Protein chains: 2
Amino acid sequence: MSASPTPSRGAKRGRRPGAPDTRAAILDSARELFASGGFAGTSVRAVAAGAGVDPALVHHYFGSKDDLFVAALELPVDPRVIVAPALAEGPDGAGERMLRVILGVWDNDEHRLPLLAMARSILEPSGEQLIGRGFLPVVIEPLGEMLGIDHPDIRMPLFASQIVGLIMLRYLLEAEPLASMPVDDVVAAYAPTLQRYLTGDLGFLD
Amino acid sequence: MSASPTPSRGAKRGRRPGAPDTRAAILDSARELFASGGFAGTSVRAVAAGAGVDPALVHHYFGSKDDLFVAALELPVDPRVIVAPALAEGPDGAGERMLRVILGVWDNDEHRLPLLAMARSILEPSGEQLIGRGFLPVVIEPLGEMLGIDHPDIRMPLFASQIVGLIMLRYLLEAEPLASMPVDDVVAAYAPTLQRYLTGDLGFLD
């Protein structure tokens with residue numbers, strides 16, 4: 001599962017003069033540091049030092065620290081990219097649109113295995129750092145900001161809590177009837193919940 | 001963490017003529033078989049054979065197969081017992097009452113560690129059998145039957161999916177703001193969701 005491509009011919013064997021190994025070394029360093037120190041506790045400078053490269057090279061390959069974090073998670077899709085069209089239409093109905101995007105990704109055979117690996121990592125010791133203090137604030141909360149809702153720092157974790165529970169039962173535990181429930185029924189059951197978390201009266205916000 | 005009490009005096013050392021070791025052997029056998037074969041795929045007879053005892057002894061120590069299963073999960077509390085008072089008042093407001101019971105158990109320092117161990121087991125290979133095909137249908141769905149709601153086989157898994165997601169974020173990932181949210185705010189946010197799953201219009205039921 002290395003990020004370095006394996007040359008198909010003997011003639012091309014050996015360490016290449018740049019990109020793939022450097023990129024892989026940066027990712028390895030990032031994964032290790034984010035898992036132990038969390039997103040806030042990890043600097044691009046430290047990731048660069050761990051990989052033995054200049055910080056500028058980290059930005060060159062991966063862009064911002066947020067982007068580096070998402071790359072280190074090794075997701076099959078970038079949530080910020082695939083959810084963007086669902087956000088573009090604004091808060092009305094965003095619960096259903098986002099849910100349909102998420103179900104589409106998880107119901108895709110090609111994506112499910114790497115996503116399951118990430119879901120399992122929630123319960124590893126690094127899960128608190130990587131997900132609780134990384135994925136949620138760095139990737140999920142900004143989606144609420146892009147959507148233009150109030151209190152994204154409160155509403156998006158509520159949204160995430162229902163998505164996480166649904167994913168656990170439908171895809172990890174394969175608990176019936178959720179595991180084989182048609183998408184439209186899942187949407188009928190969950191979209192009102194998600195929409196309320198995004199835009200409804202929660203009873204304790206100003 | 002053995003079920004056998006450790007004698008405090010040397011004079012009492014050695015295998016006792018019955019109860020503790022037999023009980024522990026039955027539990028060991030039950031845990032192993034439920035984890036590999038699931039609830040439906042495990043018979044009391046097989047558990048007894050695995051422990052080298054008569055099936056009647058299994059019933060003597062543990063009661064029904066359901067009770068044996070709950071004992072094998074080694075929960076700090078029996079969900080059927082602690083939730084019973086919340087069910088007794090009927091479906092109206094049951095979402096909030098059950099949520100308050102669940103939060104009370106999880107916010108109790110003494111209970112949290114063994115519960116976290118069980119929550120982590122969700123993602124182990126045995127999780128699908130133990131939780132998806134055991135805990136949910138054997139322990140959680142009957143709560144819906146006791147409550148007297150329609151479609152407990154559909155409504156209780158929806159209920160469970162929100163509870164699982166809330167527990168993951170609040171107690172396992174310790175994600176803010178959920179980790180330190182006052183109980184009354186958690187109830188304000190989640191009770192309407194849970195009540196709808198228990199008794200509301202889900203949009204796809206007869």
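The model is predicted, and local features are reported only at pLDDT of at least 70, side-chain atom pairs only at pLDDT 80 or more, while totals for chains, interfaces and linings use all residues. Residues are numbered from 1 along each chain as its sequence is written, chains are lettered from A in the order in which they are written, and side-chain values use heavy atoms, with hydrogens and water left out.

Chain A contains ten helices and zero strands; helices (H or I, at least four residues) and strands (E, at least two) are DSSP runs, numbered from the N terminus. Along the sequence, its pattern reads α-α-α-α-α-α-α-α-α-α. Of its 206 residues, 49% are buried, where buried means under 20% relative accessible area, exposed means over 50%, and partly exposed lies in between (1.4 Å probe, protein chains only). Contacts (heavy atoms within 4.5 Å) were also examined by separation along the chain. Among those in chain A between residues at least 6 apart in sequence, 64% join residues at least 24 apart.

A contact between the two chains involves helix α9 (residues 152-172) of chain A and helix α10 (residues 152-172) of chain B, whose axes come within 7 Å and cross at roughly 120 degrees. Axes are lines fitted to C-alpha atoms, for helices over the stretch in contact, and angles run from 0 to 180 degrees between N-to-C directions. The two helices are therefore oblique to each other; angles under 35 degrees count as roughly parallel, over 145 as roughly antiparallel, 65 to 115 as roughly perpendicular, and the rest as oblique. The crossing of α9(A) and α10(B) is right-handed, a term used if the near helix is turned clockwise from the far one by less than a right angle, left-handed being the anticlockwise case. Residues making the contact include Pro157(A), Ala160(A), Gly165(A) and Leu169(A) of α9(A), and Pro157(B), Ala160(B), Gly165(B) and Leu169(B) of α10(B). By class, the residues of this contact comprise twelve nonpolar, six polar and no charged. In this classification Ala, Val, Leu, Ile, Met, Phe, Trp, Tyr, Cys and Pro count as nonpolar, Asp, Glu, Lys and Arg as charged, and the others, Gly among them, as polar.

Within chain B, α10(B) also meets helix α7 (residues 94-106), the axes coming within 12 Å and crossing at roughly 35 degrees. This crossing of α7(B) and α10(B) is likewise right-handed. Met98(B), Leu99(B), Ile102(B), Leu103(B) and Trp106(B) form the α7(B) side of the contact, and the α10(B) side includes Phe159(B), Ile163(B) and Arg170(B). Eleven nonpolar residues, no polar residues and one charged residue take part.

Arg155(B) is another residue of helix α10 of chain B. With 4% relative accessibility, Arg155(B) counts as buried. Its side chain reaches the backbone oxygen of Gly200(B) at 2.9 Å, a polar contact (a pair of N or O atoms within 3.5 Å; within protein, one must be able to donate a hydrogen and the other to accept it, and residues adjacent in sequence count only if both atoms are side-chain atoms).

Ser29(B) belongs to helix α1 (residues 19-37) of chain B and is buried, at 7% relative accessible area. Apart from neighbours within four places in sequence, Ser29(B) contacts Ala46(B), Val47(B), Gly50(B) and Ala51(B).

In helix α4 (residues 65-73) of chain B, the buried residues are Leu68(B), Phe69(B), Val70(B), Ala72(B) and Leu73(B). The N-terminal end of α4(B) is capped by Ser64(B), a side-chain oxygen of which lies 3.3 Å from the backbone nitrogen of Asp66(B).

Some features of the backbone also deserve mention. Most residues other than glycine have a negative phi, and most peptide bonds are trans. Glu74(B), which follows α4(B), has a positive phi near 55 degrees and is partly exposed, with a relative accessible area of 45%. Glu174(A) has a positive phi near 45 degrees; this residue lies in the loop between α9 and α10 of chain A and is partly exposed at 37% relative accessibility. A cis peptide bond joins Glu176(A) and Pro177(A), with omega about 5 degrees. In chain B, a cis peptide bond joins Glu176(B) and Pro177(B), where omega is about 5 degrees.
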